[in-house]
Structures are given as structure tokens and as C-alpha cells.
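Me: Hi! Could you walk me through some of the strands and loops in this one?

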Amino acid sequence: MSLAASTARQSARRVQQCISTVSRAAHTSPLHTSGSRRLLSTQTSRTALPATLRTFTPKRAFTTSPALSHGHIDPPKPGQERRVTVIDKEGESHTFEVSDGDNLLDIAQANDLEMEGACGGSCACSTCHVIVNDGEMYDKMEEPDDDENDMLDLAFGLTETSRLGCQIKMSKELDGLVVKLPSMTRNLQASDFAKKG
Ligand code: FES
């Protein structure tokens with residue numbers, strides 16, 4: 001055999017050995033499990049990586065956590081129940097017993113009523129617009145601040161007793177509050193945008 005042929009054969013054998021080593025490492029890797037992790041197993045294991053990468057440990061681990069749930073409220077303590085009634089867009093009344101400090105957005109969302117709360121209660125939209133039914137009860141509430149007034153100016157169907165639900169917190173004084181949901185809110189993504197008020 002010529003020298004050139006012998007050298008070529010040795011090179012081919014070395015390449016074959018490398019492929020076998022990498023393939024074995026990939027399939028015996030502890031990452032070789034089912035599901036999304038399988039993708040990782042097709043890459044080389046740590047033993048097949050350069051020394052500088054073998055000790056690499058990601059700073060952030062992948063974790064899973066439940067999506068934040070909106071409208072979480074705790075049941076009121078016995079003897080401290082506050083009653084609030086929400087009249088939905090279809091005119092149906094829903095009465096709840098809630099705790100002091102619960103705001104109307106959380107109460108509505110916890111009870112699957114249609115109050116969008118696009119900004120998450122940070123007074124930066126008007127999709128939690130409610131209309132207080134009773135002027136006397138409206139007067140018992142703290143005055144809306146400038147931010148709330150700015151957002152109320154954008155609310156569809158503004159009335160004299162309009163408020164933002166996320167800014168109204170239940171209290172002893174507001175026990176028995178009744179509010180109405182407007183038939184439409186000013187949010188281009190709301191499914192009811194085109195409905196007439
Ligand atoms: Fe946006 Fe109330 S949820 S202002």
C-alpha cells in the first residue's frame with residue numbers, strides 16, 4: 001500500500017472514532033429524556049464538550065410558575081362582610097359579600113363579570129368604568145384624583161356618577177353599593193366596542 005493511501009485510511013479511521021464517541025456521549029447523556037428535553041440530547045453531552053464549557057452552569061434555571069391570576073380576593077371575615085351589587089351589561093344583578101379593601105375590578109374579575117381592566121388596575125385606561133347607581137353613595141366615596149379624572153374623560157358614556165372600578169375600594173361606608181357596568185368601554189380590542197350604549 002502506498003504511503004498516501006495508508007495516511008488516508010488512518011485519517012478516515014480517526015474521523016469514524018470521533019463520530020462514534022460523540023454519538024455515544026449524546027445517547028447516554030442524562031439529558032436524553034422525553035419531551036422538549038430530547039432536543040438537548042441530540043447535542044453533545046458535557047463529556048464531549050471542550051474543557052472550558054464542561055463546567056459551564058447556566059445562571060438562570062428554567063422554571064415554570066402559574067400565570068398570575070387576576071381578581072384574587074379573599075373571603076370576608078365573619079361579621080365583616082360588605083355587600084356590593086354589580087348590574088351587568090344585560091341588566092342582571094349580581095350581589096357579593098366581600099372584604100374591606102377589595103376593589104371593584106378584583107371583585108368583578110373574581111366573579112367572572114365582564115370588566116376588562118386592561119391596565120391591571122394602575123389607573124391607565126378606562127376599561128373598568130362603572131356607574132354608581134345612587135348619588136348618595138357616590139358622595140360617600142373619596143373624590144377621584146387627577147389620574148382617575150383624566151382616565152374618566154376617556155371613558156365611553158361618562159356620567160355624573162362614573163368611577164373607575166379599580167379605584168373603588170370597599171369599606172364599611174360603601175356597604176350596599178350598587179354599580180352598573182356600561183354597555184361599552186373605550187378599548188379597540190374589546191369585543192363589545194361596536195355595541196350601542
Ligand atoms: Fe385600567 Fe382601572 S383597570 S384604569
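Me: What stands opposite Ile 87 in S5?
Reply: Lys 180 does. This is a predicted model, where local features need pLDDT of at least 70, side-chain atom pairs count only at pLDDT 80 or more, and totals for chains, interfaces and linings use all residues. Residues are numbered from 1 along each chain as its sequence is written.

Me: In which sense do S1 and S5 pair, parallel or antiparallel?
Reply: Parallel, over four bridges, with S5 covering residues 177–180. Two strands pair if DSSP finds at least two bridges between them. Strands (E, at least two residues) and helices (H or I, at least four) are DSSP runs, numbered from the N terminus.

Me: And how many bridges join S1 and S2?
Reply: Six, in the antiparallel sense, and S2 is residues 93–98. The bridge partner of Val 86 there is His 94. The hairpin has five residues between the strands, and Gly 91 takes a positive phi near 90 degrees.

Me: Which S1 residues are on the covered face?
Reply: Arg 82, Val 84 and Val 86, while Arg 83, Thr 85 and Ile 87 make up the uncovered one.

Me: New topic: what is the phi of Asp 112?
Reply: Positive, about 60 degrees, although Asp 112 is not a glycine. Asp 112 sits in the loop between helix H4 (104–110) and strand S3 (129–132).

Me: Is Asp 112 buried or exposed?
Reply: Exposed, because Asp 112 has 9 C-beta neighbours inside 10 Å. The cut-offs, with C-beta atoms placed from the backbone, are 20 or more others within 10 Å for buried, 12 or fewer for exposed, and in between for partly exposed.

Me: What about Cys 123?
Reply: Cys 123 counts as partly exposed, because it has 18 C-beta neighbours inside 10 Å. Its place is in the loop between H4 and S3.
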